[in-house]
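This is a guided tour for a reader who has the structure open in a viewer.

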Amino acid sequence: MKITQHQIEAHNAPRLARHKKQLAYLTAEITGEQGVLEKLAAFQVAIPSWALGTGGTRFGRFPGGGEPRSLEEKIEDVGLLHALNRASGAISLHLPWDIPTDAQAIRELAASHGLRFDAVNSNTFQDQQNQALSYKFGSLQHVDPAVRRQAIEHNIEVIRHGEALGSDAITVWLADGSCFPGQLNFRRAFQNTLDSLREIYAALLPHWKMFIEYKAFEPNFYSMTVGDWGQSLLYANKLGGQAYTLVDLGHHLPNANIEQIVALLLMEGKLGGFHFNDSKYGDDDLTVGSIRPYQLFLIFNELIDGGALNQFRISDFGFRNPKPPTTEVRNPKSEIALMIDASHNVKDPLEDLLQSVEAIQLAYAQALLVDRPALNAAQLDNDTVRCQEILQAAYRTDVRALVAEARRRNGGALEPLGLFREVGVRKELFRERGAKTVATGL
Ligand code: PSV
Ligand code: MN
């Protein structure tokens, strides 16, 4: 299924007058709206291939129907999102769930939807059918060199698939760790992991990056071998200039100050990217901005303050310009990978992803409105009250019309979710794919 430009225009037309009124009201209140609009229009967030179907918990899974049955259908789904919001112009694949059989054909299909491939993800947290050795006691950390070798080879294979698709980064998330005190020698586990990562790192092309994702707990509950940003940064620093830390918002202990982590990683030139989601308790993988939108805003505030978002990984690769950017116009060192990582148990995955992208755009737009010179002056004055007033003045601005305008200028829908329902996307996917389909993933 494809959404046509005609459908988008027919949706926008009756909403335009009201939108213009809201935009005029907002722009009368703020300054620099043209710059903000340009930045918003260039802003893209990558969609994870594993979040297009219904997730589940260990208690059960309730598939919603019409789920993508193949990599081609996953690309089609992301294409639908991108057609609606013009801000989802990339897909992040997880292997072996998404092994492309014909990379060239997959690349062309993605390009026909205006999509590029963001980081590819390896999987050594599950045993696959026909896999020789088990990851029950870890992968890159394993005491048995043969298991480590198998996991290293898998990661290198993922890199090769990524190269064929035009991706330029691999995200390594390890479930490695231990469940009980004494089970693991921490230093040996760290060293084994580092040595294994070194072999994977050596397989990177010079323009590639390695993102090392950390997680405080789950599936291991006593120790995780890449358990926090400190450990991830240790690995990244030891590996070299192509290795970076990846921040998944759900992977922290309760009440962690994620915005401070972001600020310091950025300062060190080691912030590789994000897996955006939201959570109440832990790795809940809920819709971005659904629980703690202020935290999301504060993260974007740090990104802007640290000069991180001047260049996007996919800024020059929008719907209107579906040509992959050349390495000359891109500056991989300063680019931050912006990806979503979510699991959908009760919502329609595509609707949830539309909400998530919008939440990220809103946080970004609000953070762009922060009066930075005034904030700096108030900080130097130790005027705590004023600091809070300045931040919250931006956060409490209703920027929805700005985000909608950026979308409209890119050729997208004023209300992507509204149009998704209006044209009955899920119903049509049901009809095309059936009610019993289950997408690969967790
Ligand atoms: C692990 O919880 C994680 O956040 C990693 O990014 C995985 O690749 C992803 O979820 C999917 O399982
Ligand atoms: Mn993640």
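Which residue is the bridge partner of Thr171 in strand 7? Select Thr171 together with Phe211, for Phe211 is that partner. Before going further, please note that this is a predicted model, in which local features need pLDDT of at least 70, side-chain atom pairs count only at pLDDT 80 or more, and totals for chains, interfaces and linings use all residues. Residues are numbered from 1 along each chain as its sequence is written, while chains are lettered from A and ligands numbered from 1 in the order in which they are written.

**The whole chain**

Along the principal axes, the C-alpha atoms fill a box of roughly 65 × 60 × 45 Å.

Of the 442 residues, 48% count as buried. A residue is buried if 20 or more other C-beta atoms lie within 10 Å of its own, exposed if 12 or fewer, and partly exposed in between, with C-beta atoms placed from the backbone. Among contacts with a separation of 6 or more, 80% come from residues 24 or more positions apart; two residues are in contact if their C-beta atoms, placed from the backbone, lie within 7 Å.

Select strand 7 (209-213). Is this strand mostly covered or mostly uncovered? Strand 7 is mostly covered, as 5 of its 5 residues are buried. In a regular strand the side chains alternate between the two faces of the sheet. Here Lys209, Phe211 and Glu213 point one way, Met210 and Ile212 point the other way, and all are buried.

Two strands pair if DSSP finds at least two bridges between them.

Most residues other than glycine have a negative phi, and most peptide bonds are trans. Select Glu218 and Pro219, whose connecting peptide bond is cis, with omega near 10°. Glu218 lies in the loop between strand 7 and strand 8, and has a positive phi of about 75° although it is not a glycine. With 13 C-beta neighbours inside 10 Å, Glu218 counts as partly exposed.

Move to Leu95 and Pro96, where the peptide bond is cis, with omega near 10°. Pro96 is found in the loop between strand 2 (90-92) and helix 5 (103-112). Asp102 lies in the loop between strand 2 and helix 5 and counts as exposed, with 10 C-beta neighbours inside 10 Å.

Asn255 has a positive phi of about 65° although it is not a glycine, and is exposed, with 6 other C-beta atoms within 10 Å.

**Two helix pairs**

Two packed helices are described by the angle between their axes and the distance between the axes. Axes are lines fitted to C-alpha atoms, for helices over the stretch in contact, and angles run from 0 to 180 degrees between N-to-C directions.

Select helix 7 (residues 186-202) and helix 8 (residues 229-239), whose axes come within 10 Å and cross at roughly 50°. The two are therefore oblique to each other; angles under 35 degrees count as roughly parallel, over 145 as roughly antiparallel, 65 to 115 as roughly perpendicular and the rest as oblique. Leu194, Leu197, Arg198 and Tyr201 in helix 7 meet Tyr235, Lys238 and Leu239 in helix 8.

Finally, select helix 12 (residues 372-380) and helix 13 (residues 384-395), which pack at an angle of about 160°, with their axes 8 Å apart. That makes helix 12 roughly antiparallel to helix 13. Show the side chains of Ala374, Leu375, Ala378 and Gln379 in helix 12, which meet Arg386, Cys387 and Ile390 in helix 13.

Terms used. Helices (H or I, at least four residues) and strands (E, at least two) are DSSP runs, numbered from the N terminus.
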